[in-house]
Amino acid sequence: MIQSIEQLCDLVELSPDDLPIAFDTDFPFKVPKHFANQIEKGNPNDPLLKQILPGLAENEIYPGFSPDPVGDLAANPHPSLIHKYHGRALLIASPRCDIHCRYCFRRHFPYEQAKQQHWQAALESIAQDPSIKEVILSGGDPMSLSENALIALINDIEAIPHVDTLRIHSRTPIVAPHKANRPQLLKTLQQSRLQKVLVVHCNHANELTSESAELMQQFRQSDVLLLNQTVLLKDINDSANALIALSKKLFSQGILPYYCHLLDKVSGAGHFEIKNAQAWAIFEQMRQTLPGYLVPRFVEEIAGEPYKTLLTDPSSQGIKPTT
Ligand code: SF4
């Protein structure tokens, strides 16, 4: 783990004096060494660096941006459970992440309330609702739990008869693959009666390495379906070329592109936003270039809506695209 911004600057051969760094942010800087090692040395505009370096732009106020942009708190029957969508419930498995992404939509979420002792209440709530078929482990990052704690949680979920699918949302396999390489967890997943999905979070082709490829192979051998979600971020991956390269590299590691999220309007992240018209133009170019299975769904999450909203052509007044 990189301990400080100064240590990161040393590693990437940049001077902190030349960068617009916010040292006094309430969402602390955090990055694993593996991710930092993929940053191009001497490049202040590196797309990975921009995702993790706290910038002065975070202090700017943008209209429409708020601490809880997707309505998590209103859909929060227990401190660890978010039940927004039919058939699925999301369990906050851990308040921690191995990395702090500056655009994180939960950067203001009251994680301290989502402690392990609340799991029991959340699991009981799931057990009492037979409409819940899929449990999503999210966070924070579930892989920041110890291997034993994560296995115990999976076993508890498996014991609920009406649950048939386990989905794990994690950025750890990309940003710190060695940490997600857990033999007992892989074995548990392989032996589980549940259908298993791992949704990783990767925004740029440069994040994918030989280590992530090796790990993905192990998850595949454990009968886990691999999907990716990306966040569309200004000056990081806001071009068709960047996202086409990402889709191709994901596929080479056995991962299918699932979602490309428009930025959730969380306070402190306004400088990452791109307009819907630009997002649509990128989507169109991707559709013209790639087979359909390599084109992610471009979506936005609107608080209170019963499912994610597909991006539409801003010039066609609401006709939904097909993929
Ligand atoms: S890994 Fe996900 S939850 Fe954690 S800081 Fe990044 S975006 Fe937020």
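Author: Buried means under 20% relative accessible area. Keep that cut-off in hand. The model here is predicted.

Reader: Which residues lie on each side of S3?

Author: Glu134, Ile136 and Ser138 are on one side. Val135, Leu137 and Gly139 are on the other. Both faces are covered.

Reader: Which strands does S3 pair with?

Author: Strand S2 (residues 88-94) is joined to S3 by 6 bridges, and the two run parallel. Arginine 88 stands opposite glutamate 134 in S3. Strand S4 (residues 165-170) also pairs with S3 in the parallel sense, over 4 bridges. There, valine 135 has leucine 166 in S4 as its bridge partner.

Reader: Now the whole sheet. In what order do the strands come?

Author: Read across the sheet, strand by strand. The order is S1-S2-S3-S4-S5-S6-S7-S8-S9. These 9 strands form an open sheet with mixed pairing.

Reader: Which strands are at the edges?

Author: An edge strand pairs on one side only. Here the edges are strand S1 (81-82) and strand S9 (309-310).

Reader: How is S6 joined to S7?

Author: Strand S6 (residues 224-231) and strand S7 (residues 256-261) run parallel, with 5 bridges between them. Helix H9 (residues 210-221) lies across strand S5 (195-201) and S6, at about 135° to S6.

Reader: What should I look for in a core?

Author: Start with the general idea. In soluble globular proteins, nonpolar side chains tend to be buried together. In this model, the largest nonpolar core has 58 residues. Those with the most contacts inside it include Ile126, Leu137, Phe219 and Phe298. Helix H5 (residues 147-158) gives the most to this core, with 6 residues. A second, separate core has 31 residues, among them Phe65, Cys101, Val175 and Ile236.

Reader: What does leucine 137 touch?

Author: Look past its sequence neighbours. Beyond four places away, leucine 137 touches residues including Leu91, Ala93, Pro142 and Leu166. Leu150, Leu153, Ile154 and Ile157 are also among its contacts.

Reader: How do I read two packed helices? At what angle do H5 and helix H8 cross?

Author: Compare their axes. H5 and helix H8 (residues 183-191) cross at roughly 10°, and their axes come within 9 Å. Angles under 35 degrees count as roughly parallel. H5 and H8 are therefore roughly parallel to each other.

Reader: Which residues meet there?

Author: From H5 come Glu147, Leu150, Ile151, Ile154 and Asn155. From H8 come Pro183, Gln184, Leu185, Thr188 and Leu189. By class, the contact has 6 nonpolar, 3 polar and 1 charged residues.

How values were computed: Residues numbered from 1 in each chain as written. Predicted model: local features only at pLDDT ≥ 70, side-chain atom pairs only at ≥ 80, totals over all residues. Heavy atoms only, no water. Core = buried A, V, L, I, M, F, W, Y, C linked by side-chain atoms within 4.5 Å. Buried < 20%, exposed > 50% of the residue type's maximum accessible area, 1.4 Å probe, protein only. Contact = heavy atoms within 4.5 Å. Pairing = 2+ DSSP bridges. Axes fitted to C-alpha atoms, helices over the stretch in contact; angles between N-to-C directions. Parallel < 35°, antiparallel > 145°, perpendicular 65-115°, else oblique. Nonpolar A, V, L, I, M, F, W, Y, C, P; charged D, E, K, R; others polar.
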